Amino acid sequence: MIIIGCSASKDLAKKISKKLKKPYSELFVSKFPDNELYVRFKTNVKNKTVVLVQSLFEPNEKIIEILFAAYTAKDLGAKKLVLVAPYLAYMRQDKRFHPSGCISSEVIAKLFRVFDELITIDPHLHRHHSLRKLFKIKSKKLSANSLIADYIKKHFKNSIILGPDEESYQWAKKVAEKIKSHAIVLKKRRYTSRKVRIKIKGMNLKGKNIVVVDDIISTGHTMMETVKEAKHLGAKKIECVCVHGIFAENAYEKLKKLGVKRIVSTNTIPNKAAKIDVSGLIADSLK
Ligand code: R5P
């Protein structure tokens with residue numbers, strides 16, 4: 001087995017290879033003047049199980065990169081191709097939201113059939129429940145819930161867990177169960193990618209410590225609306241925790257400006273909130 005660090009996940013790939021005591025190599029990636037990509041392996045992949053580690057935030061170029069790498073590895077005689085995509089993009093577009101719109105998750109699933117196996121962490125599966133059924137290749141869906149619960153238990157005291165919308169129950173409820181706390185899952189209405197409304201009805205959060213738990217912070221509007229409502233209802237201290245910290249459009253800074261004490265994510269995506277390490281989780285699943 002060889003662990004290959006692709007452009008977005010070199011640090012994580014190195015950690016995984018260390019934990020597994022398996023060799024590490026970086027994918028060489030460069031750009032032509034017209035922005036076309038060029039990739040090359042720096043190691044021999046013939047007859048090997050090749051594990052490509054690539055997180056798919058800001059995904060478009062990163063997807064081309066791993067597809068080029070995958071086809072090249074096959075051409076060069078790799079025995080088995082495993083894609084570790086700690087953050088798997090495009091899963092939220094899982095139905096035809098507009099009568100003539102693209103169901104992006106299904107197209108991605110078809111493209112990724114070049115791999116023999118897919119490993120990812122907490123994919124946003126809402127309408128599709130099984131990765132295996134969607135991708136039609138061997139797939140492992142890992143969860144960072146236990147790691148998040150351990151972190152909250154260690155660092156945040158006497159907190160109530162809030163899930164900002166119905167889709168967040170998979171994280172908020174599970175994390176709350178693990179730390180033997182209480183979870184409240186709210187209702188969200190999304191108008192556009194940057195406009196959501198969240199209402200917390202009939203609840204008194206006066207003097208309470210709140211941890212908002214969700215899978216993804218992208219523009220941060222889901223978290224921001226939840227934080228505003230919780231503040232309005234008297235919450236004392238508010239912290240935000242997510243699996244995948246995309247933090248598009250300065251979401252991290254905007255949340256801080258709202259008075260959020262701590263913002264924490266896992267390191268599926270490299271960012272300044274990445275305090276929870278998932279390399280052990282991935283290494284275990286590759287054993
Ligand atoms: C969607 O339901 C997800 O669970 C997240 O709540 C959502 O993706 C967060 O997006 P944003 O940060 O842009 O509001």
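Author: A pocket, as the word is used here, is an open set of points on a 1 Å grid over the protein atoms alone, with protein on both sides within 12 Å along at least five of seven lines, and its lining residues are those with an atom within 4 Å of a point. The structure is a predicted model, in which local features need pLDDT of at least 70 and side-chain atom pairs count only at pLDDT 80 or more, whereas totals for chains, interfaces and linings use all residues. Residues are numbered from 1 along each chain as its sequence is written, and side-chain values use heavy atoms, with hydrogens and water left out.

Reader: How much space lies in the largest pocket, and what supplies its lining?

Author: The largest pocket holds about 1,200 Å³ of space, and of the 47 residues lining it, R92, Q93, R190, I216 and S218 are the closest to its centre. Helices (H or I, at least four residues) and strands (E, at least two) are DSSP runs numbered from the N terminus, and among these α2 (59-75), β10 (187-192), β12 and α7 (221-232) each give at least two residues to the lining. The largest share, four residues, comes from β12. By class, the lining of the largest pocket has 20 nonpolar, 13 polar and 14 charged residues.

Reader: What makes a space a cavity rather than a pocket?

Author: A cavity is a set of points where a 1.4 Å probe fits but cannot get out, whereas a pocket is an open set. The count comes to one cavity of 30 Å³ or more, and the largest cavity has a volume of about 40 Å³. Its lining consists of Y87, L88, Y90, M91, R92, D122, P123, H124 and I216.

Reader: Why is F112 called buried?

Author: A residue is buried under 20% relative accessible area, exposed over 50%, and partly exposed in between (1.4 Å probe, protein chains only). F112 has a relative accessible area of 1%, and so F112 is buried. F112 stands in the loop between α3 (104-111) and β6, and, leaving aside residues up to four places away in sequence, F112 touches L56, I63, I66, L67, L83, L88, F135 and I137, where contact means heavy atoms within 4.5 Å.

Reader: Why does N35 count as partly exposed, and why does N158 count as exposed?

Author: N35 has 48% relative accessibility and therefore counts as partly exposed, while N158, at 72%, counts as exposed. N35 sits in the loop between β2 (24-31) and β3 (37-41), and N158 in the loop between α5 and β8. Phi is positive in both residues, near 80° for N35 and near 45° for N158. Most residues other than glycine have a negative phi.

Reader: How do you know that the buried residues of α9 line one face of the helix?

Author: In helix α9 (residues 279-286), the residues S279, I282, A283, S285 and L286 are buried. Seen down the axis of α9, these buried residues fall within an arc of 165°, so they line one face of the helix, the arc being that of the directions from the helix axis to the C-beta atoms. They pack against several elements, including β1 (2-5), α1 (10-20) and β4 (49-53).

Reader: What are the buried residues of helix α6, and why are they said to line one face of the helix?

Author: In α6 (residues 169-178) the buried residues are W171, A172, V175 and A176. Seen down the axis of α6, they fall within an arc of 115°, and they therefore line one face of the helix. Among the elements covering them are α5 (145-155), β8 (159-163) and β13 (237-245).

Reader: How do you know that the radius of gyration of the protein agrees with a compact globule?

Author: The radius of gyration is taken over C-alpha atoms, and the globule rule is 2.2 Å times the number of residues to the power 0.38. With 287 residues, a compact globule would have a radius near 19 Å, and the protein has 20 Å, which agrees. Buried residues make up 52% of the 287 residues.

Note on methods: Grid points are joined across faces, edges and corners, and a volume is the space filled by probe spheres set on the points. Ala, Val, Leu, Ile, Met, Phe, Trp, Tyr, Cys and Pro count as nonpolar, Asp, Glu, Lys and Arg as charged, and the others, Gly among them, as polar.
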